[in-house]
Amino acid sequence: MARRWKNTLTHDDVTPESVYLNRRQIIAGMAGLGMIGGTNMAQASTDLEPNSWEDITQYNNFYEFGTRKEDPAANAHQLTTSPWSIEIDGLVDRPGTYDFAEIMKAMTVEERIYRFRCVEAWSMVIPWNGFELKDLLDLAGVQEGAKYVAFETLLRPEEMPGVRFPVLDWPYVEGLRLDEAMHPLTIMATGIYGRDIPKQNGAPMRLVVPWKYGFKSIKSIVRISLVEDEPPTSWNKAIGQEYGFYSNVNPEVDHPRWSQASERRVGGGLFARRIPTLMFNGYEEEVAPLYAGMDLRKFY
Ligand SMILES: Nc1nc2c(c(=O)[nH]1)N[C@H]1C(S)=C(S)[C@@H](COP(=O)(O)O)O[C@H]1N2
Ligand SMILES: [Mo]
């Protein structure tokens, strides 16, 4: 409880990184005084240097705003994110429309620095703010019989220039097995560097599943359904031989068109180089038990 902190910093006159570094020094000081615990955070976070605000917000995938990496930053300002509500339905005790502002009041926002690995073999390290997906699912009350969680992105053509093109079958949909969704590493991100999450990154709320390829982290969510059967996912529907339901980061299972054994950290400048990709993106200790006994070549 005490390890958590609210996302309240809004200094416009300093860079997000400097606000953030300052914030981290304060937190480090508190930890030194024994004011915060941090078992969960220590487990989740990484000591790797986070990418810059620029890298994280200017190099994106959000096909509703175009397929080029710079399109989301150029076009996502058109998206209206307030008011925002999400429908939680299916096998839950309290189905209904949940207002985003109300959800935020009920949730405890914390910071997690996660590795992020896109299937295209680039990666970043991102300081997210958000809450555990489990806390939101508990709010709705998951019923016995629910085995999967299905997610859906907003589809609003007048604000999303990219959906004119049938690159994907809109709306963007994704899914997780219930135990993956309830895992403490799975979060709903609502901020980056202590600021509200930018629209190109999936405002006001997007999923982050750090041991899976980036496309599982569905943005700007408007619907969450608890279901019995494995739900369809956008990339699997589009190119099923290349994108499976699980999509766990796995250096031993290559994408049919390229190796997944190494990755390029975005923004490294002079130090940019390919680095070996880690099993489950470095979260093997935490998540390998979820897949015990499964053939990860078959369930890719
Ligand atoms: N709705 C929606 N969610 C999406 C995507 C998308 O096109 N639409 N792209 C996915 C892919 S392929 C990646 S790599 C990540 C990129 O997240 P980022 O831009 O915040 O780095 O978002 C994922 N979530
Ligand atoms: Mo991706």
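Is D71 buried or exposed in this predicted model? D71 is buried, with a relative accessible area of 9% (buried means under 20% relative accessible area, exposed over 50% and partly exposed in between, with a 1.4 Å probe and protein chains only). D71 belongs to helix α4, residues 71-75 (helices are DSSP runs of H or I with at least four residues, strands are runs of E with at least two, and both are numbered from the N terminus). The side chain of D71 makes a polar contact of 2.9 Å with that of R68 (a pair of N or O atoms within 3.5 Å; within protein, one must be able to donate a hydrogen and the other to accept it, and residues adjacent in sequence count only if both atoms are side-chain atoms). Leaving aside residues up to four places away in sequence, D71 touches F65, G66 and A76 (contact means heavy atoms within 4.5 Å).

Residues are numbered from 1 along each chain as its sequence is written, while chains are lettered from A and ligands numbered from 1 in the order in which they are written. Because the model is predicted, local features need pLDDT of at least 70, side-chain atom pairs count only at pLDDT 80 or more, and totals for chains, interfaces and linings use all residues; side-chain values use heavy atoms, with hydrogens and water left out.

The chain contains nine helices and 12 strands. Of its 300 residues, 54% are buried. Among contacts between residues at least 6 apart in sequence, 73% join residues at least 24 apart.

A nitrogen atom of ligand 1 lies 2.8 Å from a side-chain N or O atom of E64, and a nitrogen atom of the ligand is 2.9 Å from a backbone N or O atom of S217. An oxygen atom of ligand 1 is 3.0 Å from a polar side-chain atom of R206.

Most residues other than glycine have a negative phi, and most peptide bonds are trans. The peptide bonds from S82 to P83 and from W170 to P171 are cis, with omega near 0°. P83 lies in the loop between α4 and β1. S220, in the loop between β9 and β10, has a positive phi near 40° and is buried, with a relative accessible area of 0%.
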